[in-house]
Amino acid sequence: MTLDSTALQSWAARLLTSWGYSDDDAAYIADTLVDANLRGVDSHGVIRLPAYHARIDAGLVVPTARPVVTREGGVIRVDAAGAPGQLAARAAVAALVEASGELGVASAVIHGSTHFGTAGYYARALAAQGKIGIVVSNSEPAVVPFGGRDAFLGTNPFAFAAPTGGDPISLDMATSTSAMGRVMVAQAAGKPIPADWGVDAEGRPTTDPHAVKALLPAGGPKGYGLAYLTEVLGGVLSGAAIASGIGNMYSDFSRPQDVGHWMLALDVERFLPFGQFTQRMDGLAADAHAIAPAPGNSQVLVPGEPEERTKAARLSNGIDLPAATIEELTLLGVASEVPFPEGDIR
C-alpha cells in the first residue's frame, strides 16, 4: 500500500500528540520517522510507533519530560531524563551548533536515552548549519561478535554528514550487515532475507526473518571493531548502559533502556572558508560521478545520493508500506482514537 508522505506525517504527529506530546515535539518526532521512510530506511520509520507507545504505557518514556543539557566549553552532556531519544538528540544538536560556532569543535554525549530514529537525521541537521557532523549510538544486544554465536553488541549505527553546494554528503550505516528493523520489515512483508543478515538460535545463517536470533557484523571483524568503537563512544564515555545492560525496546519493560549517543560537530568556516569548502566537496562528488560504472551499474554515486533520490521519488509517488504494517498502525490508531489515513492510500 502506498501513502502520501504528508498525510502519513500529519497522522503520526496527531497520534503522538494524543499520547501526551506537545504539538512541536510530536511534529519533530514524526518528521524523524517519516524522513526515514522517505529515504527508504523503513526499518527506522513509522514501523517503530507501536514500540514507542508500549514504552510510554509502561511509564518508561514520559512525553512531557525535558532533556537536561550541561555544557563546559566544547563538551556537552545531555541527560534524556525520561524524554525520548529524538528530543534528547535535538537538544544535543542545538547545543553543538552553538558551541562549535564559538569554538570550532564541540562534542556531545547523551545518556538515559531511547531509540532516536536514524543517526543520519542529526548528522544532516548539523550539516545544514555548516558543520561536519558525526553521530553514533549504541543499542541493545542484537549482533554476534566476530567468531561468536550469541548477541553481544547492538547494531550500533555510525553516521556522518558534510555540507556541499546542494544536498549534503551523508552516510548512515549500521555496523551490522543489516539493521534489525529491516528484518522486521521482511517479517511484515513475508519475504526472505539475505543469508548474511542474521543467524538462528544455533548461530547458523538463515534466510527466514522469523528465525533470526541475532545479526551478523558488517565485514566480519571490521564491522565488529566499528561496533566496539561506537559502544565506547556512545555507551562507555556517555555513562549510559553498555552491551547487555541496555534494555530491549520490544521485550524488556522492567526498566528504561538507557541508550547512549555521541556526536561531534566541526564548524567548517573555522577550518576553511565555507564557499571554498563546498566548492571542493562538489568537485569531489563530480570526480566520483566521472568514474566509469562497472557492468550492471548506470553511474557511480556518492554517499547519501541513493537516499536523496529515493526521497524525491517517494515525495512524488508516496511511501510503500507492507500490509502487515498498515494493519498494525491501523489498530494503534483505533486504540489512540486517531484513525489511520485510509483515505490517503493510493
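R39 and E308 form a salt bridge (a side-chain nitrogen of Lys or Arg within 4 Å of a carboxyl oxygen of Asp or Glu), and their closest N and O atoms are 3.1 Å apart. The pair joins distant parts of the chain. R39 sits in the loop between helix 2 and helix 3, whereas E308 is in helix 9, 269 residues away. Helices (H or I, at least four residues) and strands (E, at least two) are DSSP runs, numbered from the N terminus. R39 counts as buried because its relative accessibility is 7%. E308 is also buried, with a relative accessible area of 16%. Buried means under 20% relative accessible area, exposed over 50%, and partly exposed in between (1.4 Å probe, protein chains only).

The model is predicted: local features need pLDDT of at least 70, side-chain atom pairs count only at pLDDT 80 or more, and totals for chains, interfaces and linings use all residues. Residues are numbered from 1 along each chain as its sequence is written, and side-chain values use heavy atoms, with hydrogens and water left out.

A search of the whole structure finds 13 salt bridges. One of them joins the side chains of D35 and R124, at 2.8 Å from N to O. D35 belongs to helix 2 (residues 23–38) and R124 to helix 5, so the contact ties together parts that are 89 residues apart in sequence. Both D35 and R124 are buried. A further salt bridge joins R255 and D252, at 2.7 Å from N to O. R255 is partly exposed, at 30% relative accessible area. D252 is buried, at 14%. D24, D25, R66 and R90 are linked in a network of salt bridges.

Rolling a probe the size of a water molecule over the atoms shows where empty space is left. The search used a 1 Å grid over the protein atoms alone. A cavity is a set of points where a 1.4 Å probe fits but cannot get out; a pocket is an open set with protein on both sides within 12 Å along at least five of seven lines. Lining residues have an atom within 4 Å of a point. Grid points are joined across faces, edges and corners, and a volume is the space filled by probe spheres set on the points.

The largest pocket holds about 810 Å³ of space. Its lining has 35 residues, and G40, V41, D42, S43 and R182 lie nearest its centre. Helix 5 (119–127), strand 7 (169–173), helix 6 (180–189) and helix 9 (305–317) each give at least two residues to this lining. By class, the lining divides into 17 nonpolar, ten polar and eight charged residues. Ala, Val, Leu, Ile, Met, Phe, Trp, Tyr, Cys and Pro count as nonpolar, Asp, Glu, Lys and Arg as charged, and the others, Gly among them, as polar.

The second largest pocket has a volume of about 420 Å³. It is lined by 26 residues, with R48, S139, E140, T155 and M249 nearest its centre. Helix 6 and strand 11 (259–267) are the elements that give two or more residues to this lining. Helix 6 gives the most, with three residues. The lining comprises ten nonpolar, 13 polar and three charged residues.

Two cavities of 30 Å³ or more were found. The largest cavity has a volume of about 90 Å³. Of its 13 lining residues, Y52, V61, P84, T114 and H115 are the closest to its centre. Helix 3 (residues 49–57) provides the largest share of this lining, four residues. The classes are eight nonpolar, four polar and one charged.

The second largest cavity has a volume of about 50 Å³. Residues lining this cavity include V143, V144, P145, F152, L153 and Y224. Eight of the lining residues are nonpolar, three are polar and none is charged.

F152 also takes part in a surface feature. Together with Y228, V232, V236 and I242, F152 makes a nonpolar surface patch of about 420 Å². Patches are made of residues with over 30% relative accessible area and no salt bridge; like charges are joined within 9 Å, and nonpolar side chains (Val, Leu, Ile, Met, Phe, Trp, Tyr) within 5 Å. Accessible areas come from the Shrake-Rupley method with a 1.4 Å probe, and for residues only the protein chains shown count as cover. F152 lies in the loop between strand 5 (131–137) and strand 6 (158–162). At 31% relative accessibility, F152 counts as partly exposed.
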